[in-house]
Amino acid sequence: MLDSDTPLSKSGILEHAPKDKCWKDGSIHILLNSLLEKGAIHEAGFIRTGKGFGRTFAPTQKGLSYFSDLLLNISQKSQPYKIFSQLIQENVFTNEELDALEELIKLRK
């Protein structure tokens with residue numbers, strides 16, 4: 001399981017990208033530079049790649065907020081319940097994540 005706090009290199013990002021992505025692997029540097037400029041990700045460190053070193057990237061709080069806002073915008077066009085029920089049916093969440101969501105719901109009630 002990929003930990004969301006684990007910084008990834010370009011190759012790591014490509015390994016975890018969906019197979020049906022709408023961009024080419026060679027475009028990864030353009031995407032990363034754009035996300036860096038927007039403050040959605042930051043350079044988290046370096047890893048050894050062959051004879052050299054490569055950067056690793058991790059999301060920033062601004063990036064997490066961006067995706068949260070994006071989900072809210074999508075859910076305004078649909079019903080949030082339907083989105084989350086579909087995600088649950090597709091087994092997107094781990095048991096630990098489901099437990100955490102249950103706790104959040106309990107706190108909200």
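The following legends describe close-up views of a predicted model.

In this predicted model, local features need pLDDT of at least 70 and side-chain atom pairs count only at pLDDT 80 or more, while totals for chains, interfaces and linings use all residues. Residues are numbered from 1 along each chain as its sequence is written, and side-chain values use heavy atoms, with hydrogens and water left out.

View A. Arginine 55 and glutamate 43 meet through their side chains at 2.6 Å, N to O (a salt bridge is a side-chain nitrogen of Lys or Arg within 4 Å of a carboxyl oxygen of Asp or Glu). Helices (H or I, at least four residues) and strands (E, at least two) are DSSP runs, numbered from the N terminus.

**View B. Lysine 21 forms a salt bridge with aspartate 25.** The closest N and O atoms of this pair are 2.7 Å apart. Aspartate 25 is partly exposed at 40% relative accessible area, as is lysine 21 at 25% (buried means under 20%, exposed over 50%, partly exposed in between; 1.4 Å probe, protein chains only).

**View C. Glutamate 103 and lysine 106 pair within helix α5.** These residues lie three apart, about one turn of the helix, and the closest N and O atoms of their salt bridge are separated by 3.8 Å. Glutamate 103 is partly exposed, with a relative accessible area of 45%, whereas lysine 106 is exposed at 56%.
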